[in-house]
Amino acid sequence: MHRFVEGDDRHQRSFLSPCIEDYVDDDNPVRVMDAFVEALDLGELGFSTTPAQTGRPPYHPATMLKIYLYGYMNRIQSSRRLERECQRNVELMWLTGRLAPDFKTIADFRRDNGAAIRGACARFIVICRQLGLFSRALAVIDGSKFKGVNSRDRNFTREKVKARLKQVDEAIARYLQSLDAADRQEALGAPSDSGRLREKLGRLHEQMRKLKEMEKAVEEASDHQVSLTDPDCRSMVTGERLVGVVGYNVQTAVDPEHHLVIAHEVTNHVVDRGLLPQMAAEAKGVLGFEEIDVIADRGYFSGPDVVACKEMGVNALVPRVQTSNAKAEGRFSKDDFVYGPGDDTYRCPAGETLTRRFETVEGEMKIFIY
């Protein structure tokens, strides 16, 4: 063992500092967290600060908010994991004074103080602006799909209901054929399992009835989706592999210089189109400039949305949506041709020059023919 790095003997006595303050460096981010929470007026923000007259005293909202912020900063979302971290993590011990609330208390705090936590986040943005961190009139907006607690089997769309109805209908047809064969066996005096088949048919008919009710509910829904566990969840497509996820579309506006989240909104919109003006207005209000630039991907492109942003003092830099099917059909698209503004010509991918031949008007649109 002498060739390897050796650790200390577990039974060796040592003089460790009994003060937990010595285990947290002066430049540790948890000190900023602690100072920020201690400076907040939690009662004004909406946190409950009045303990009950009887029973075990509750944890102070400042302690619970520090645990929540620590989990947010270190990507610890689970309340059960936060409970374990409070028992073994030195930084959290320093933050909470060695208090370790159970997971139910942590989960209830997040559930009951959503609006107050949002107010605390807004106060942090105000502090960042006062410190001069938002020096550029620029924001980047994008959406992320967050999985909800609703499973795919408990989310219904038109296509899902139609597919399940077809499956149940085919299963009923198979069992009816099996039941006919069993009846013929009984007529010949041979044993059969017709009783078991009739029982399964009854369950299938009941399932068909419930699917018919769900089909009606889906048609009556505004967006033709129904989620049973979490009614606000929606089925969305995410990633390059176009994988379906039942959850939320979280919109985020970020400061590109310091990568700080300046505005966010949880929505159940399946696509990003139509959400740009709202997020742009929130970003403009946070940055405090009369006119700002906003960058977003082509999923946000919409003519009316770009115009609405322009009217509120926001220059939306969004690429146009590619609507041409030329590449899919093996042809060159418009992007493959290079325009020469000097002589008003286009250069094709083969290197040939296309000159303007004539122009015409169709309706209110002027068309140039090359």
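Contact means heavy atoms within 4.5 Å. The legends below describe a predicted model, in which local features need pLDDT of at least 70, side-chain atom pairs count only at pLDDT 80 or more, and totals for chains, interfaces and linings use all residues. Residues are numbered from 1 along each chain as its sequence is written, and side-chain values use heavy atoms, with hydrogens and water left out.

**View 1. E265 and its partners.** E265 sits in strand β6. Strands are DSSP runs of E, at least two residues long, and helices are runs of H or I, at least four long, both numbered from the N terminus. The E265 side chain makes a polar contact with the side chain of R118, at 3.2 Å. A polar contact is a pair of N or O atoms within 3.5 Å; within protein, one must be able to donate a hydrogen and the other to accept it, and residues adjacent in sequence count only if both atoms are side-chain atoms. Neighbours within four places in sequence aside, E265 is in contact with R118, N249, V250, Q251, Q278, M279 and E282.

**View 2. The largest pocket.** The space in the largest pocket is about 2300 Å³. Its lining has 46 residues, and the closest to the centre are Y68, Y72, I117, C121 and H264. Elements that give two or more residues to this lining are α1, α3, α7, β1 (138–147), β5 (243–255), β6 (260–267) and α10 (276–287). Helix α7 supplies the largest share, nine residues. On a 1 Å grid over the protein atoms alone, a pocket is an open set of points where a 1.4 Å probe fits, with protein on both sides within 12 Å along at least five of seven lines; lining residues have an atom within 4 Å of a point. Grid points are joined across faces, edges and corners, and the volume is the space filled by probe spheres set on them.

**View 3. Helix α1 and its cover.** Helix α1 spans residues 29–38, and V30, R31, M33, D34, F36 and V37 are buried there. Buried means under 20% relative accessible area, exposed over 50%, and partly exposed in between (1.4 Å probe, protein chains only). The cover over these buried residues includes α3 (61–73), α5 (90–96) and α7 (114–130). At the start of α1, a side-chain oxygen of N28 comes to within 3.0 Å of the backbone nitrogen of V30.

**View 4. R273 in its loop.** R273 lies between β6 and α10, in the loop. Its relative accessibility is 41%, so R273 counts as partly exposed. The R273 side chain reaches the backbone oxygen of F301 at 2.9 Å. The C-alpha atoms of R273 and G299 are 6.0 Å apart, although 26 residues separate them along the chain. Beyond neighbours within four places in sequence, R273 is in contact with R298, G299, Y300, F301, S302, D305 and V321.

**View 5. Two arginines with positive phi.** R75 is in the loop between α3 and α4 (79–88). Phi of R75 is near 60 degrees, positive in a residue other than glycine. R75 is exposed, because its relative accessible area is 75%. R98 is in the loop between α5 and α6 (103–112). R98 has a positive phi of about 65 degrees, and it is not a glycine. At 57% relative accessibility, R98 counts as exposed.
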